[in-house]
Amino acid sequence: MGTEGARTDRLGLLLDQFDHAREMAQVRLTGLGNEEYLWEPVPGCWSIRRRSEAATPRAFGPGAWVLDLGDPGIPANEYAEVARQAAGGMTVAKIADDWSVSVERVEQILAHTGAPEPDETPVTTIAWRLGHLHFCFAGGWEWTFGERQQEPKLLVDFTPSAALALERFWALIDRWRDSVAAVTDEQLDTVGFSQYPYGSDPDDPFITVLSGANLEFIHHMAEIALLRDLWRARFTTPG
């Protein structure tokens, strides 16, 4: 990756990072078909499903298809984020409210963040990862640049069509990127510039929110890329 023309200002660095990640992701998602999009590599996967066939207690979406979501809890791979929130000054009560868990559960996690625990995060389909990203960025845009009124869980009409899902997703990502590009230095430093209701956005400077959004995009796209590799190799046996 060349550095010619690279920006060194705070917003420029984040935009360049996002642009490079988006470019790689779009290449990696080329040719995604419906069967691969919905493929469940192991039993018990989270995915998108018809509302009548929802397999999780809190699956959500405004239409006929919903995104799996389990009982309230904090996945083990998010314990470090809980510790970061606490170190940043968030109260245990606020953290518990953001994650929809009890205060006691947050206290247990904070008392054992240095010890390994079983990762309870489910295996997910490409459809779930893409739907999750779409939901996060749609809500992020609405509660930062939009009217700050609509429930994020009702903003994305999930679909079993990979092509349609990608078309809608990239359109949203373009809108997000265009809005972010117009943010001022003052807004970058404004605590609560984003009022996205799920997480710590209202308590963070917007530059922290942007950094987190980039990481969310990158790590979920990396997982999607791995699922594509596994799909391609699923019938390959050693010679």
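Are Phe60 and Phe158 buried or exposed? In this predicted model, both Phe60 and Phe158 are buried. The two form an aromatic pair of the edge-to-face kind, with 6.0 Å from centre to centre and 70 degrees between the planes. Phe60 belongs to the loop between strand 1 and strand 2, while Phe158 belongs to the loop between helix 6 and helix 7, so the pair ties together parts that lie 98 residues apart in sequence.

Of the 239 residues in the protein chain, 41% are buried. Among the contacts with a separation of 6 or more, 66% are between residues 24 or more positions apart.

The next topic is the interior. In soluble globular proteins, nonpolar side chains tend to be buried together. Here the largest nonpolar core has 49 residues, and those with the most contacts inside it are Tyr37, Phe137, Trp170, Trp176, Phe217 and Met221. The elements that give two or more residues to this core are helix 1 (10–28), strand 2 (65–67), helix 6 (126–142), helix 7 (162–181) and helix 9 (206–233), and the largest share, ten residues, comes from helix 6. A second, separate core consists of nine residues, among them Ile74, Val82, Ala96 and Val106.

Helix 6 deserves a separate look. It is mostly covered, with 17 of its 17 residues buried. At 1.5 Å a residue, those 17 residues should span 24 Å, and the end C-alpha atoms of helix 6 are 24 Å apart, which agrees. Phe137, one of the residues with the most contacts inside the largest core, is in contact with Phe18, Leu172, Ile173, Trp176, Ala213 and Phe217 once its neighbours within four places in sequence are left aside.

Aromatic rings come up again and again in this picture. The count comes to 17 aromatic pairs. One of them joins Trp46 and Trp128 in a tilted arrangement, 5.8 Å from centre to centre and with 50 degrees between the planes. Because Trp46 lies in the loop between helix 2 (34–37) and strand 1 (48–50) and Trp128 in helix 6, this pair ties together parts that are 82 residues apart in sequence. Trp46 has a relative accessible area of 19% and is therefore buried, and Trp128, at 8% relative accessibility, also counts as buried. Elsewhere, one aromatic cluster is formed by Phe18, Phe137, Trp141, Phe145, Phe169, Trp170, Trp176, Phe193, Phe206 and Phe217. At Trp231, a charge is involved: the charged end of Arg234 sits over the ring, 3.5 Å from its centre.

Where is Arg49 found? Arg49 is in strand 1, and its relative accessible area of 15% makes it buried. The side chains of Arg49 and Asp68 are joined by a polar contact of 3.0 Å, and, leaving aside neighbours within four places in sequence, Arg49 is in contact with Glu40, Ala54, Ala55, Ala64, Trp65, Val66 and Asp68.

Two threonines close the tour. Thr144 has its place in the loop between helix 6 and helix 7, and with a relative accessible area of 7% it is buried. A polar atom of the Thr144 side chain lies 2.7 Å from the backbone oxygen of Gly140, and, not counting residues up to four places away in sequence, Thr144 touches Phe193, Ser194 and Phe206. Thr190, in turn, lies in the loop between helix 8 (185–188) and helix 9, and is partly exposed, with a relative accessible area of 29%. Apart from neighbours within four places in sequence, Thr190 is in contact with Asp204, Pro205 and Phe206. The C-alpha atoms of Thr190 and Pro202, which are twelve residues apart along the chain, are separated by 9.7 Å.

How values were computed. Residues are numbered from 1 along each chain as its sequence is written. This is a predicted model: local features need pLDDT of at least 70, side-chain atom pairs count only at pLDDT 80 or more; totals for chains, interfaces and linings use all residues. Side-chain values use heavy atoms; hydrogens and water are left out. A nonpolar core is a set of buried Ala, Val, Leu, Ile, Met, Phe, Trp, Tyr and Cys residues joined through side-chain atoms within 4.5 Å. Buried means under 20% relative accessible area, exposed over 50%, partly exposed in between (1.4 Å probe, protein chains only). Helices (H or I, at least four residues) and strands (E, at least two) are DSSP runs, numbered from the N terminus. Contact means heavy atoms within 4.5 Å. Rings of Phe, Tyr and Trp (its six-membered ring) pair if their centres lie within 6.5 Å; planes under 30 degrees apart count as stacked, over 60 as edge-to-face and the rest as tilted. A charge sits over a ring if NZ of Lys or CZ of Arg is within 6 Å of the ring centre and within 35 degrees of the ring normal. The expected span of a helix is 1.5 Å times one less than its number of residues. A polar contact is a pair of N or O atoms within 3.5 Å; within protein, one must be able to donate a hydrogen and the other to accept it, and residues adjacent in sequence count only if both atoms are side-chain atoms.
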